[in-house]
Amino acid sequence: MKLLKYIFIVALTVVGLEVSAQSKTNAFYGMAMPAGDTKDYVDPTSFRGANIEFERLVRPNIGVGILVGWNTFYEAKDRATYSLDNIEGEANGAITSNQYRYLNAIPIQLTGKYYLGSDDAIIRPFIGLAGGTYYMEQRTDNGLFSTSYKGWTWSVAPKAGILVPLSYNASLALSVDYSTSFKTSDLGQQNWLGINVGFSWDY
């Protein structure tokens, strides 16, 4: 897939920047609150998510990197009569059953961040942007009948957060982001607000 090819080429360029530059590994546990079309499909907040980011500081206040992760959403619906819609929302019949809805999202994104303040600040805020692709899988189970839509989508996620130093090379990291994966012929647009808690290591 051309999209993945371009992302990996840029990622290798990031990794290949001069070895004297400072590097970071950022690891997060993530919660996600559905919004827009995602909330219409699966309403509950997801507490099952994680991501890891490998970052290089190309300037004291500017970092670039690559992020991979995973989020999953789930909702169980009571027994009722449900329309069997296709991805365009057109009815293909109906079924009476319990219904279970799943949405899995795996991002592969390039990231850029701007850090405010200096390394020795008590709290160091940052703002940033991630962009790339999501592998999405949306599945609905009605009794023994299951429908699923899956594929790759373009994605973007503005973000902001803070680092709280714990030692000379480790910090507590807190961030929020708003993820959007764009509509394709196989998948609808998806949106959610992410709340992430983790650690950042410098080396």
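Which residues line the second largest cavity? They are Asn26, Phe28, Lys113, Tyr115, Phe126, Leu163, Ala173 and Ser200. This is a predicted model, where local features need pLDDT of at least 70 and side-chain atom pairs count only at pLDDT 80 or more, while totals for chains, interfaces and linings use all residues. Residues are numbered from 1 along each chain as its sequence is written, and side-chain values use heavy atoms, with hydrogens and water left out.

Rolling a probe the size of a water molecule over the atoms shows where empty space is left. Here a cavity is a set of points, on a 1 Å grid over the protein atoms alone, where a 1.4 Å probe fits but cannot get out. A pocket is an open set with protein on both sides within 12 Å along at least five of seven lines, and lining residues have an atom within 4 Å of a point. Grid points are joined across faces, edges and corners, and a volume is the space filled by probe spheres set on the points.

Searching the whole structure turns up two cavities of 30 Å³ or more. In the table, Ala, Val, Leu, Ile, Met, Phe, Trp, Tyr, Cys and Pro count as nonpolar, Asp, Glu, Lys and Arg as charged, and the others, Gly among them, as polar.

| Space | Volume | Lining by class |
|---|---|---|
| Largest cavity | about 220 Å³ | 11 nonpolar, nine polar, four charged residues |
| Second largest cavity | about 30 Å³ | five nonpolar, two polar, one charged residues |
| Second largest pocket | about 150 Å³ | four nonpolar, five polar, four charged residues |

Around the largest cavity sit 24 lining residues, with Asn51, Leu67, Lys159, Asp177 and Asn196 nearest its centre. For the second largest cavity, β1 and β4 each give at least two lining residues.

The second largest pocket has 13 lining residues, and Asp119, Pro165, Tyr168, Ser171 and Asp202 are the closest to its centre. Two or more of its lining residues come from each of β6 and β7.

Met33, Val176, Tyr178, Leu193 and Ile195 make a nonpolar surface patch of about 360 Å². Such a patch joins nonpolar side chains (Val, Leu, Ile, Met, Phe, Trp, Tyr) within 5 Å, from residues with over 30% relative accessible area and no salt bridge. A salt bridge is a side-chain nitrogen of Lys or Arg within 4 Å of a carboxyl oxygen of Asp or Glu. Accessible areas come from the Shrake-Rupley method with a 1.4 Å probe, and for residues only the protein chains shown count as cover. At least two patch residues come from each of β7 and β8.

Conventions: Helices (H or I, at least four residues) and strands (E, at least two) are DSSP runs, numbered from the N terminus. Patches are made of residues with over 30% relative accessible area and no salt bridge: like charges are joined within 9 Å, nonpolar side chains (Val, Leu, Ile, Met, Phe, Trp, Tyr) within 5 Å.
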